[in-house]
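Work through the exercises below with the model open beside you. Try each task before reading its solution.

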There are 2 protein chains.
Amino acid sequence: MRWARVDRGGQAVFGQVLADSILLGDGDPITGTWTATSECELATAKLLVPVWPQTFYAAGFNYADHVIEQARIAGTAPNIPEKPDIGYRANNALIATGEPIVKPADATELFQYEGELVAVIGRRGKHVSEAEALDYVFGYTIGNDISERTWQNGDRTFWRAKNTDSFKPMGPWIETDVDLDALTTTVRLNGREVISFATNHMLFGVARYISAMSRYLTLYPGDVIWMGTEGDAENLQPGDFCEIEISSIGTLGNSVIAEA
Amino acid sequence: MRWARVDRGGQAVFGQVLADSILLGDGDPITGTWTATSECELATAKLLVPVWPQTFYAAGFNYADHVIEQARIAGTAPNIPEKPDIGYRANNALIATGEPIVKPADATELFQYEGELVAVIGRRGKHVSEAEALDYVFGYTIGNDISERTWQNGDRTFWRAKNTDSFKPMGPWIETDVDLDALTTTVRLNGREVISFATNHMLFGVARYISAMSRYLTLYPGDVIWMGTEGDAENLQPGDFCEIEISSIGTLGNSVIAEA
């Protein structure tokens with residue numbers, strides 16, 4: 001089942017995505033309080049960021065080739081993580097599918113996409129075993145972890161490198177029925193495929209992360225965990241259109257514009 | 001004026017703190033929608049975390065002596081920040097004054113307090129000048145940035161070192177009338193003063209941070225910025241009681257217990 005967040009006359013409501021339409025409703029499907037009230041056309045619906053997390057987690061370095069490529073850019077030796085230390089991103093940076101990624105006027109040419117699987121937490125959890133961990137996932141969506149590499153390597157934290165306004169496209173919706181091992185992530189730049197990889201070919205999978213995190217942290221419904229990306233990336237320029245497709249979930253598409 | 005968040009029969013409401021009582025009300029003083037509806041005794045009120053931020057910012061290394069001391073613990077050369085790169089903490093870790101800090105069973109003895117000034121954002125801001133920046137602050141509260149130093153130095157991120165459940169006491173309330181240069185931060189452990197420092201003796205002050213951050217990030221009402229701490233710290237043990245007092249704001253007090 002697919003759940004979107006939709007603008008209904010200025011109000012954000014959850015809706016169940018059907019073939020050509022969206023059933024809109026009141027309440028929250030993540031906490032099980034949603035009921036259908038109306039319907040709109042899918043083609044003309046204004047999709048919003050599909051969930052507004054209390055805490056926005058990001059795995060960061062979770063695919064081997066990506067770690068090697070980022071080390072090359074930074075001029076350092078690759079340091080493959082030995083355990084799932086989670087990182088953080090911030091809600092100010094979230095935008096929906098179809099909204100523009102704004103390249104800051106002072107960003108360098110090393111302005112890049114990262115196509116990522118996003119796990120959306122469905123219920124409160126602490127001390128969750130790896131065997132039970134996927135039961136705590138409501139569903140999956142797609143993220144584009146836009147990164148300015150010069151800032152990423154030069155600043156003390158990832159604050160502006162990864163959390164500048166508009167740097168976190170997420171969507172288009174949440175898919176609840178997913179076979180993780182069957183997924184392929186494909187990134188297209190202006191319609192041209194630039195990378196395609198097995199989504200679940202991670203250093204540490206969703207279950208391992210949830211179990212490790214919940215040893216110390218309580219996870220809450222609506223929290224999101226961005227699972228990292230594979231390989232290297234090309235640079236994004238104003239005028240580009242970047243799409244992240246994950247098979248059986250959907251496609252997240254955003255244009256790039258220059259800061260006014 | 002002092003604003004607290006209070007448990008009123010299971011519901012979290014904002015209240016205006018008076019000498020011996022709290023005026024409780026509906027709405028939000030940060031966005032200017034609050035109106036008084038009832039009153040309760042201050043002494044018996046259950047104070048909650050005074051604001052639940054959308055984004056939880058933390059300056060981290062913002063006092064020279066603290067940077068030097070942390071480098072000593074990590075066995076590295078001190079690296080005094082040259083610009084205000086902001087970091088992040090997470091809401092799962094927030095607890096109110098009076099609630100216990102839980103020391104994890106596998107934490108090392110390097111389990112320490114950090115007394116911090118917290119700026120609470122009062123209005124939405126982007127591209128805020130340093131001269132105007134303090135107009136964007138609703139008020140100030142107090143934070144205790146509990147840190148497990150072995151994890152802080154050994155993990156790839158600060159996730160469990162600083163964001164384990166209960167590691168972020170914040171409160172007791174928000175004070176809106178503050179002269180930053182007149183403030184003193186004092187930390188007491190079991191009633192004994194362990195450090196006292198001029199709160200505003202920062203590498204980068206509140207206005208500098210807000211201006212620098214808002215070049216890239218939109219700040220929202222209720223966002224919090226923890227401003228860092230000074231000096232070194234002693235280790236906390238189960239059974240300890242740790243207080244952070246900032247003059248003219250108040251005192252944040254929390255006991256330490258062992259994980260069950």
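This is a predicted model: local features need pLDDT of at least 70, side-chain atom pairs count only at pLDDT 80 or more; totals for chains, interfaces and linings use all residues.

Residues are numbered from 1 along each chain as its sequence is written, chains are lettered from A and ligands numbered from 1 in the order in which they are written, and side-chain values use heavy atoms, with hydrogens and water left out.

**Exercise 1. Describe the contact between chain B and chain A.**

Step 1. Count the residues in contact (heavy atoms within 4.5 Å). Chain A gives 39 residues and chain B gives 39 residues.

Step 2. Take the buried area, the accessible area (1.4 Å probe) that two parts lose on being put together, summed over both. It comes to about 3,100 Å², with 47% from carbon and sulfur atoms. On the side of chain B, R156(B), W159(B) and Y216(B) lose the most area to chain A, together 28% of what that side buries.

Step 3. Count the salt bridges (a side-chain nitrogen of Lys or Arg within 4 Å of a carboxyl oxygen of Asp or Glu). Between chain B and chain A there are 8. One pairs E259(A) with R215(B), at 3.2 Å from N to O.

Step 4. Locate the elements (DSSP runs: helices, H or I, of at least four residues; strands, E, of at least two; numbered from the N terminus). Those giving two or more residues to the side of chain B that touches chain A are β7 (87–88), α3 (159–163) and α4 (206–214) of chain B.

**Exercise 2. Find what R188(A) pairs with, and say what the pair ties together.**

Step 1. The whole structure holds 36 salt bridges over all chains.

Step 2. In one of these, R188(A) meets E243(A), with the closest N and O atoms 3.5 Å apart.

Step 3. R188(A) is in strand β15 (residues 184–189) of chain A and E243(A) in strand β18 (residues 241–246) of chain A, so the pair ties together parts 55 residues apart in sequence.

**Exercise 3. Examine the largest cavity.**

Step 1. On a 1 Å grid over the protein atoms alone, a cavity is a set of points where a 1.4 Å probe fits but cannot get out; lining residues have an atom within 4 Å of a point. The search finds 4 cavities of 30 Å³ or more.

Step 2. The largest has a volume of about 120 Å³, the space filled by probe spheres set on the points.

Step 3. Of its 14 lining residues, Q54(A), R89(A), Q54(B), F56(B) and R89(B) are the closest to the centre.

Conventions: On a 1 Å grid over the protein atoms alone, a cavity is a set of points where a 1.4 Å probe fits but cannot get out, and a pocket is an open set with protein on both sides within 12 Å along at least five of seven lines; lining residues have an atom within 4 Å of a point.
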